[in-house]
2 protein chains.
Amino acid sequence: MHGSAEVAAPLFLSIGVLLLFAWGFGELARRFNQPAVLGEIIAGLILGPTVFGYLSPDMLHWLFPAEGHTASMIEGITSVSIALFLLVAGMEVEFSAIIKARRIAAITGIGGLLVPFGLGFAGAYAFPEQFGATEGHYNAIFALFIATAMSISALPVIARTLMDLNLYRSELGMITIAAAVLNDLIGWLVFAVILALFGIGHTGASGIAATLIMTIAFSVVMLTVGRRLIDKGLTWVQAYLSWPAGTLGFVLVVTFLSAAAAEAIGIHAIFGSFLAGVALGDSKHLSEHTRKTITQLVSFVFAPLFFASIGLKVNITANFDLMLTIIIIAIAFAGKILGSGITARLSGMSNRESVAIGVALNARGAMEIILALLALQMGIINERLFVSLLVMALATSLFCGPVVKRVLNLKPGKLFVSYLSDKYFLSSITSRTPFEVIGEMSGLFARTGLDIEMIKETLIEREKLMPTGLSNGVAVPHARIKGLKQPLIAVGISKGGINFDSSDGTPAHIILTILVPENGNELLLNLFAEIAKTFNQPDASSLLVDSKNFAQFLSSLKVLTENVRTH
Amino acid sequence: MHGSAEVAAPLFLSIGVLLLFAWGFGELARRFNQPAVLGEIIAGLILGPTVFGYLSPDMLHWLFPAEGHTASMIEGITSVSIALFLLVAGMEVEFSAIIKARRIAAITGIGGLLVPFGLGFAGAYAFPEQFGATEGHYNAIFALFIATAMSISALPVIARTLMDLNLYRSELGMITIAAAVLNDLIGWLVFAVILALFGIGHTGASGIAATLIMTIAFSVVMLTVGRRLIDKGLTWVQAYLSWPAGTLGFVLVVTFLSAAAAEAIGIHAIFGSFLAGVALGDSKHLSEHTRKTITQLVSFVFAPLFFASIGLKVNITANFDLMLTIIIIAIAFAGKILGSGITARLSGMSNRESVAIGVALNARGAMEIILALLALQMGIINERLFVSLLVMALATSLFCGPVVKRVLNLKPGKLFVSYLSDKYFLSSITSRTPFEVIGEMSGLFARTGLDIEMIKETLIEREKLMPTGLSNGVAVPHARIKGLKQPLIAVGISKGGINFDSSDGTPAHIILTILVPENGNELLLNLFAEIAKTFNQPDASSLLVDSKNFAQFLSSLKVLTENVRTH
């Protein structure tokens, strides 16, 4: 029906392949403890002109056409994806956290903003050519953009890193997040103004002033009156309309209309959806359920689609400028780490903490990439500079997690799921009594080179001391073993059930035999607590008892442990 | 950057307004116990040429352009929306339910398929003009389409109706669902073949045969080998990849690629995503969490966007043909209710049950609308027939819920939330002892015209018999009251807490004073069970105790009761 001259792949082949690659490489990145966005960008680069297009330009053009009906349809999907991603990013902002940690956060946030902003502006204004400014541009606007690009933070990356390290609710975490929020709010505001300046650069001073005033007014209104109205509206909708249909619809209506308002002002739609997210996320009445439903599908499906689509638009090898990239990275690292770190130190944080805050705020991640992409699309920057900013965004994000961990000397606790292995798994226990079961399961540890008889004796001795049957059909025979370096957990399943003398009188169907190093008492207690919580869910053991192999067992267990973690 | 001649509203204004109307009218439909899709379609008709376009064609063209970049972007979004909706519809199919109820379901399903199919085919083949066939069409293909349109069912509508009536897990529910699934699988298969026949009508018999074979092969493979592979894949992904990111990504990758495969065969993408949904939904390893995350955002955001967008394409007043609509509705009702009802009766169901099954299977809802829309887009039918099918789809769905309820003489239980009202709400109790609290709260019932002193006495008498403090900070003073017709529940909040002598020793912060009619013993027990379950959640009463007004209280309570309902 549409443009018969157009030869393009069917829509779902394009987005199916795009999501497949984004999903696969995102997972690979996570496997190496890196942010998924790194993998997703690489997926796009592989599918785009950099790799796939180099091998077969025709196929690329067919699968991901640059223009026409299919290209527009894909753009519609990625436009909604990015607006939803900014909604989620906005919801992660804890407006109240800024208020709580306002003194240090304000100083740190502004320090972390002004230093890179100043360095970026001075550099780009003094040497526009080296920074890749195009002829005929207003140098000041260009320098303003570079300054903003240097001072932005990646709230989602920072928040996730802090959560992974169990620091999100700590004082350090709160200060970092609050500083990042302040950073981002101001950064995006300045960027909105740049877009306005650039877009209407020819309409004269009065037009610029109007957009500027409208942008600031829109932001202020959304974060004050709008925030309170949204809170009231959300409460009303949740109380009187159907649930969750009414609430989910309301959240998305607010987001889209706020995005539309931003578009009407002349700034980018995503600024509106970000502000809507901040306002919505601040409401106490946005239930965890609503938040999770939106966050998960967006983070794991729509955001990957969007980030992978970026790589489709740029040829990284043809536009890679080593010198420019080094300059950008150097200013970015120096400006942010020094700016935030020193101000954090001055406001009373310890040396280590100040470095950690500096490094955390240095992560630019997804936010920088979106900023750069918009600037590229508007013609503010060229592809060379875009690639350099892309590399800088990824480099600063990669640097963040491992370095913060090392600086603070953290060893994040492992979940008990991570100690399980198909090597120590018995899908069907044949024994009938606890001691027999212990004997049967001890055999699983043969390959460790440990003394099996000794293990068996120690486990039985402990069992005699006091039975290890917990309630809800799980038993945890355990022992501290001399010479053991890492905990070992064997899983045994008994359909018939074994009487481990549990507190609630039920037979044990899932037997977790746990060996810990000699000094592993604390670890043991943590494992017990986690296991008890996991099996305290209705049907937990009946869900697991049907597992025919380790993958099935682990698959069901993952869901159970995740329920516990997020409640 | 795109076609400068195009003057269209910014993307987010278009979809924001579309979602706003779909959300509002969908909610309105629910308020009147009607399927939301009815409201969503009406929203589209109001925004489209039927109403808004009639008032201001230019504004319509600006807000929802029929062609160009914005139109394509919106089409991209609605294309993904409908594919996701069919995924969800497919996931609702319980493949195993068909196996369990296979005998009656097969007979009923095939009866409910063959009779309307036969009537539809005979009618349309004999009187093509009356049915709105266009000149120069293959009459047989057209009649085949009408036959299919008559025999399809609306699985999502039927499933939701049965769930609302608490019949989903009953024998009657299982048979109805199984019959509907069989119905839909065959119906969509035939439709896929029609699309193939029509699309390649000019390529000769060998091309037709090829598409036919590929369509059937694709369906069979997806429902046998594919289903098992997806189950294995899902298990593996959930066990070894990150959770829930890996799982959600996997589900969507499978869906999009299955849609792409359907497109490659030459049938519509949504057939692929429906089959993917059936295969995925059948896997025991698709966790409730994954299912809900996808289902809710799709059902309450993307599906409404899609259904509202339908109304944008059609002018219902200009294309409404009363005679045609009556014929279509008559054949649809007669064929389906007789076909399914009589075969259900013959297979041993009671009279009432058979009628209920017939009426339930008669609902065409969303599925019919999608089928008709595709046929319209392909040029198989004209707008007149499309409007008649649309009206028929809505009429059969509207008919379903109330009539099944009446035929089976059901009075679905009301949730305790539905008895609450801001007239009986006290945000801050001043009393300190249970008897004083009862006195204070009895005052709330003054406006009912009942004897307040008598209520107070009865409540206190009951309280003396045995204290009504449940655990977890809630107390339920209650009494059976002569002359009361409907239960009344008053809510009182005490920040300090009142000692209602609860089993766990905690003071009561939420006091629910319950009055039931004299014969309301069973009702009372049900209310207690529901209240206990609701407050058995961690932090339930601490979440509620901060409510400053009734809306805030109800808003928080809705989330708590929903948690309980779906677990």
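Contact means heavy atoms within 4.5 Å, and helices (H or I, at least four residues) are DSSP runs numbered from the N terminus. The model is predicted: local features need pLDDT of at least 70 and side-chain atom pairs count only at pLDDT 80 or more, while totals for chains, interfaces and linings use all residues. Residues are numbered from 1 along each chain as its sequence is written, chains are lettered from A in the order in which they are written, and side-chain values use heavy atoms, without hydrogens and water.

**View 1. Packing of helices H5(B) and H13(B).** In H5(B), Ile82(B), Ala83(B), Leu86(B), Leu87(B), Ala89(B), Gly90(B) and Met91(B) meet Ile270(B), Ser273(B), Phe274(B), Gly277(B), Val278(B), Leu280(B) and Gly281(B) of H13(B). By class, this contact has ten nonpolar, four polar and no charged residues (Ala, Val, Leu, Ile, Met, Phe, Trp, Tyr, Cys and Pro count as nonpolar, Asp, Glu, Lys and Arg as charged, the others, Gly among them, as polar).

View 2. The crossing is right-handed, that is, the near helix is turned clockwise from the far one by less than a right angle.

**View 3. Interface of chain B with chain A.** Each chain, B and A, contributes 68 residues to the contact. The buried area is about 6500 Å², of which carbon and sulfur atoms give 72% (accessible area, 1.4 Å probe, lost on putting the two parts together, summed over both). In chain B, Phe12(B), Trp23(B) and Leu297(B) lose the most area to chain A, together 11% of what that side buries.

Note on methods
Axes are lines fitted to C-alpha atoms, for helices over the stretch in contact, and angles run from 0 to 180 degrees between N-to-C directions. Helices (H or I, at least four residues) and strands (E, at least two) are DSSP runs, numbered from the N terminus.
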